[in-house]
Number of protein chains: 2
Amino acid sequence: MVEKIKATNITWHHETVTRQDREAGNGHGGAVLWFTGLSASGKSTIAQALQAVLFEHGCQTYVLDGDNIRHGLNKDLGFSPEDREENIRRIGEVAALFMDAGMIVSTAFISPYRADRDKARSLCGDGFIEIYVHCPVEVCEERDPKGLYKKARSGDIPEFTGISAPYEAPENAELTLNAAEHDVEQCVGLVIAYLQERGILKNA
Amino acid sequence: MVEKIKATNITWHHETVTRQDREAGNGHGGAVLWFTGLSASGKSTIAQALQAVLFEHGCQTYVLDGDNIRHGLNKDLGFSPEDREENIRRIGEVAALFMDAGMIVSTAFISPYRADRDKARSLCGDGFIEIYVHCPVEVCEERDPKGLYKKARSGDIPEFTGISAPYEAPENAELTLNAAEHDVEQCVGLVIAYLQERGILKNA
């Protein structure tokens, strides 16, 4: 709980505030939940619903996704191979900062290449949790909420993941969600159960 | 206070969690405290001490500085004019994300150019608070904790702010700290008093 700071009492005991200090203060661990999967597989929807559940239970949590990254930090990047790699690199670095700040941060990007995700993993350390949102491309294409698959099929979008560009599925994801079989609530429940099992969230 | 989430109770009411929701949960506002000033003026020391005081009083707070940015997110950048501008742009974008996450985030970079700081201001909106850590270059040079001024004088570091490159002092900083006259505790007290006056921190 936040307390009023009195002008007569400007003192401090911490030289630097560590991730461990923040985790103790928050009552939960910091972590990077790296959602990966095809366009329209449900990454962002699950990450946003998870965030709402965590927030409503008093957790410090945030979501990095296309909405707040592509038009901000990464607005100078296009879709060349180099720019795609740099896009994921920066997201990994920012996610690591949020985790260091004690937060449970979710990232919701297709992030199709194993090598890029592994780089993010190595810089986030043991707080990195790869969550594969598995959904067959046929199901994603049928959903197609933004009409992107349609544009990919007509050739208006070149190199579209799952259609004309590869998606390298995770081989050792910490968690795989079957987003064609399970609804959002069930997927969120599976992530929370995993975080409790890992001790990142309290389980008692 | 964080609460256990029960597997039988995975529900949520927020569609998205807004900055306002987070601020209400934290009991204080989000803000970007943009410290600017010469090398060795005291930016980082004041920002770290402020962070400790805020943390010890239950606030959500973080510091972006050379230690966690230059070797991470911005490790691809050098010291050309373009790279310096991009360095500050990215820091502004990341600071805006932390503010959106409900945190009081301090940035501690020389950030010598008014135009770059003004860009950060415009993307952070009304939560941006420019804090000029004013300290005469003679005092900074005498402190010289990392021996940088010595290297600048000998020419080993070209274009060093305050010696061989300009520092454009803020003209309308929200707060100016006289870091040659006031000690760290006094500077921290002035920032906190300002945050209380603005209602970002509780003042009752």
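Colleague: Is B:Gly42 buried or exposed?

Modeller: In this predicted model, B:Gly42 counts as buried, because 25 C-beta neighbours lie inside 10 Å and the cut-off for burial is 20 or more.

Colleague: Where does B:Gly42 lie?

Modeller: B:Gly42 belongs to the loop between strand E1 (31–36) and H2 of chain B.

Colleague: And which residues is B:Gly42 in contact with, leaving aside neighbours within four places in sequence?

Modeller: The contacts of B:Gly42, with those neighbours set aside, are B:Val133, B:Cys135, B:Ala179 and B:Val184. For B:Ala179, 137 residues apart from B:Gly42 along the chain, the separation of the C-alpha atoms is 6.8 Å.

Colleague: What is the phi of B:Ala40?

Modeller: B:Ala40 has a phi near 75°, which is a positive value in a residue other than glycine. B:Ala40 is also found in the loop between E1 and H2 of chain B. It counts as buried, with 23 C-beta neighbours inside 10 Å.

Colleague: Please compare that with B:Glu159. What is its phi, and where is its place?

Modeller: B:Glu159 is not a glycine either, and its phi is positive, about 50°. Its place is in the loop between helix H7 (148–154) and strand E5 (175–178) of chain B.

Colleague: Why is B:Glu159 classed as partly exposed?

Modeller: B:Glu159 has 13 other C-beta atoms within 10 Å. A residue is exposed at 12 or fewer and buried at 20 or more, so a count in between is partly exposed.

Colleague: Let us turn to H2(B). How many of its residues are buried?

Modeller: H2(B) is mostly covered, with 11 of its 14 residues buried. Among them are B:Lys43, B:Gln48 and B:Gln51, as well as B:Leu50, B:Val53 and B:Phe55.

Colleague: What span should H2(B) have, and how far apart are its end C-alpha atoms?

Modeller: At 1.5 Å a residue, the 14 residues of H2(B) should span 20 Å, and the end C-alpha atoms are 20 Å apart, so the two values agree. What follows H2(B) is B:Gly58, with a positive phi near 90°.

Colleague: How do H2(B) and H8(B) cross?

Modeller: The axes of helix H2 (residues 43–56) and helix H8 (residues 184–197) of chain B come within 9 Å and cross at roughly 65°. The crossing is right-handed.

Colleague: Which residues meet there?

Modeller: From H2(B), the residues are B:Thr45, B:Ile46, B:Ala49, B:Leu50 and B:Val53. They meet B:Val184, B:Cys187, B:Val188, B:Val191 and B:Ile192 of H8(B). By class, this contact comprises 9 nonpolar residues, 1 polar and no charged.

Colleague: What about the spacing of such residues along a helix in general?

Modeller: An α-helix has 3.6 residues a turn, so residues three or four places apart point the same way.

Colleague: Which residues of H8(A) are buried, and what covers them?

Modeller: The buried residues of H8(A) are A:Cys187, A:Val188, A:Gly189, A:Leu190, A:Val191, A:Ile192 and A:Leu195. Their cover includes strand E1 (31–36), H2, strand E4 (128–134) and strand E5 (175–178) of chain A. As for length, H8(A) has 14 residues and reaches 20 Å from its first C-alpha to its last, close to the 20 Å expected at 1.5 Å a residue. Just after H8(A), A:Gly199 has a positive phi of about 80°.

Colleague: Now the contact of the two chains. How many residues does it take from each?

Modeller: The contact takes 48 residues from chain A and 48 residues from chain B. Helix H1 (19–26), helix H2 (43–56), helix H3 (66–73), helix H4 (81–100) and helix H8 (184–197) of chain A each supply at least two residues of the side that touches chain B. H2(A) gives the most, with 7 residues.

Colleague: What is the make-up of that side by class?

Modeller: The side of chain A that touches chain B has 24 nonpolar, 16 polar and 8 charged residues.

Colleague: And what rotation superposes chain A on chain B?

Modeller: A rotation of 180° with 0.0 Å of shift along its axis superposes them, at an RMSD of 0.0 Å. That is the relation of a two-fold axis. The same surface serves both copies, as 100% of the contact residues of chain A recur in chain B.

How values were computed
Residues numbered from 1 in each chain as written. Chains lettered and ligands numbered in written order. Predicted model: local features only at pLDDT ≥ 70, side-chain atom pairs only at ≥ 80, totals over all residues. Contact = placed C-beta atoms within 7 Å. Helix = DSSP H or I, 4+ residues; strand = E, 2+ residues; numbered from the N terminus. Nonpolar A, V, L, I, M, F, W, Y, C, P; charged D, E, K, R; others polar. Least-squares fit on C-alpha atoms with pLDDT ≥ 70 in both. Axes fitted to C-alpha atoms, helices over the stretch in contact; angles between N-to-C directions. Left-handed = near helix turned anticlockwise from the far one by under 90°. Expected span 1.5 Å × (residues − 1).
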